[in-house]
Each structure stands twice: as C-alpha cells, then as structure tokens.
Amino acid sequence: LLNNNIKTHLFNILGISQNIYFKIMSLKKNKKKNILFVGGKSAYLPILKYLKGKVKITRCGINPGQAFFNYDQNYYLTLGNKSKLKDLNLIKSKIINNISSIKYKEYSFYKIISPNLDYLFDNYFKILIRWIDTIYKIEPYLDTVVTTNDTMTLEQIIIKILKKHKKKSYVIQHGYTNLNENFFPLIKNKMLADKMFVWGYVSKEWMIKEGLKEENLIITGSIKFDEYLKKEKFIDIRKEFNISKNKKIIFYIPEPNKDLKIVRCILSNKETTELYRTLFDIIKGLKEYFLIIKPHPSDNYIELPRKILDEKEINNCKILDKRFPLKPLLQQSDLIITLGSTVTLEAMFFKKPIMMLNFFKKEQIVPFAERKMCIYVKDKRMLKKEIINSIKNKDKAVNMYIKHFKSYVLNDGKAYKRISDFILKEN
C-alpha cells in the first residue's frame, strides 16, 4: 500500500511537471504549428515520426506520459481524473426537485437512481469541469487536434473548445463496423471533427449512408496496415512457445468481456464462459493442433479463460499476456478465429483462413459473414469439422475474401504520409 501511495505521488509530480514545462515552452515565440494528439501514442506513432521537426507535437491523456524522455513528441499534458473543487449542490438540488415526484406503480425513480446522481454531481461532473478549464487554458497555444474518435467525453470537450476558437480538428478511423447509426447515436449528422481519415471505400460509403458529408471523409488507408507492411525481425511463435512444427496453430481473438447483457452484439460473461468451454473441449481432442488466445486489452474478466483452461487440463493451448504483439500471431497462425471485429480485416492482410463464430445469435458488427468472406459457424456441433476443413482447404478459405479486401483498406504503406501531409497542408 505504501509503495502504491509513493508511486501515485510520483506520477502526480510528473504530471504537474509536464504541464508546467508545456506552459513555459509555449510562451516562447515559435512559428511552428502546435498539433495536439489525444490518447495512446501507438495510434499515431508513424505520424508523430513523420511530423517531428515540421511541427510541435503535443500529446495529452488522463494519466501522465513520458514527454521528458520521448523523442517522438515535444510535450505531454496530463489532464488527470481528480474532481475539481466546485460546489454543484444548488444545481443538484434543482434536478432532484424536478425528478423526485416521478413514480411508476408507487416506485420512486429518484430513489432508484439516487446513487448515480450522487456520483455524477459529487465526482464525474467535477472531473469534466477540470478538463474543460484545463483545455480553455491551453487552447491559445494549440493550432489543431487529432483524435481516434469524436464521441468519447474527453475528445468531445477538446474538439468543441478548439472549434469554438476556429481551430482544426481531425479524426483517424480506429476500427470498422457496419452497424446502423442507432448503435452510435453521436454519428448521424453530428461528426464533431472537421475531417475524418478513413480506411477505404467501404467505410466511406457506410459513413455517407449514415449521414456524414462526403467532402469531410478522406480515404487514406490505415496506419495499422502500414505497420504490417514493414519488414522487421519478428518473434518466432513456435520457438517462443515450444510448438512442434507438425502442429497447426489456431489463433482465437476474443472480444472484450464486459458482461454487458443488454448489448445485442456482445457476449455476456455467461455466454463467453460457455464459448471457452466449447473451444477447449474441442481443442483437447485435436492433438495435432495448438490453440493460442490473446485476451482483449480491455477485458474485465482477464483470468476467466485461464481458470477454465486449468479445469480442463489441456496442454495444447496457450493463453498469452494481453500486451503480446498481434502481428507475429496473425502472421504465423494457420487459422484465425474471431467473433467478428476489426481484427478480422487485419487477419485478411496476412491471407489466412478466417472463421467467425456466432453461437448465440448476436448481431454482427462487421459484414464479412453476410458477404461470405469467411467461414461462418453458428452451430457449435460443427466447429470441430469446420476447423479441420478450413486448414485443409486453406486456398479456398482465403479466396472467399481476397478480391474484396482492397475495397475495405487502401493498403500501400502510405496512410501515415497521406494523413500527415493533409494536416500540414491545411495548417
């Protein structure tokens, strides 16, 4: 506990120091534009490297970053997640007065949601106030903002404040979906950013259909796929995990398990548990195969598959750390199994047989099964047979999607350059 307190204290000092450094350096006159990148560096790294020296690069996030020790950026701003000292009791009492009389069959809605109201007014709103005040203070020193979304709270705040002061804002498409607009209520006719850099023609057509203006959607390709085209030393998966050359590698890529029972396209914890049991039972009987699982980074039940695996006593399966690099797994697997997500497109890049599972009749967030671009398994009794057949008939499985892939992603390794050059030209 003491070590955690010391660590927290040191991180707070680092965050404050970074912010002070930004303010001091921003007072110096400099003709270079200052571009703010919101969120994790991995989403922007090739762009940061390309823009280095051409502009000033500022990154920001809720937690402290490594601005003092990082070559790829000039500054880092820590916005923090602490409540700002602000009395909201008057506003809170007015809202309570307005809703306290709402009842249904003698049940008071106010009493039901009271804990949520307490959290909103005593904590969450005060965090938002801190972010808003901070962005207003640093806005004069910024010229442009780049994010991976314009729907999350922090990104919305930054974009709205900069737009109010006639500053440019850009969104880089982070994933692919074809769900209708109702699933993303902030999309239709409400793109906050000035422009969005999209992966390919299919993404652009979907967004136009959902109400976005064609002239605001710029096809650039994806930075993710730029990285996949690079020739670099990679981890030998078979050597790393002592997998025999005679065994076929199956790579299962799960979605984040957050146990969201009301979401129609995501598995509940119960369904996720059942899926793992099914998968492990089948792989246990396939001794000539080896299953690898890489948990999703935002999974709330990260230990669940390991517990089930221990129960099953299976020795031809390995569950990796969530931070293990994705590229060597996609590159060296013989079959890739997903539930349907952006990573399905990434698997297509490496020309691997792709299998999508849907044992629980979930709405698909990608159209690959509907367009017959992958092996689609809805009956778990067929899973063993389909695994064997898909690897045996690899070319047939790959040919299902190969002619469609280019329409989803402009893939020539230059996405980072298109995005960077566009930003430079407009600023």
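**Salt bridges in the model**

I began with glutamate 274, which counts as partly exposed because its relative accessible area is 32%, where partly exposed lies between buried (under 20% relative accessible area) and exposed (over 50%), with a 1.4 Å probe and protein chains only. I noted that this is a predicted model, in which local features need pLDDT of at least 70 and side-chain atom pairs count only at pLDDT 80 or more, while totals for chains, interfaces and linings use all residues. Residues are numbered from 1 along each chain as its sequence is written, and side-chain values use heavy atoms, with hydrogens and water left out.

Next I looked up the partner: glutamate 274 and lysine 380 meet in a salt bridge at 3.0 Å, N to O, the term being a side-chain nitrogen of Lys or Arg within 4 Å of a carboxyl oxygen of Asp or Glu. The two are 106 residues apart and link distant parts of the chain, with glutamate 274 in helix α9 (residues 269-284) and lysine 380 in the loop between β15 (375-377) and α13 (383-392). Helices (H or I, at least four residues) and strands (E, at least two) are DSSP runs, numbered from the N terminus. Lysine 380 is partly exposed because its relative accessibility is 38%.

I then turned to glutamate 346, whose salt bridge with lysine 224 has its closest N and O atoms 3.5 Å apart. This pair joins helix α12 (residues 342-349) to helix α7 (residues 223-229). Glutamate 346 counts as buried because its relative accessibility is 5%, whereas lysine 224, at 29%, is partly exposed.

Finally, I recorded that the structure holds 21 salt bridges.
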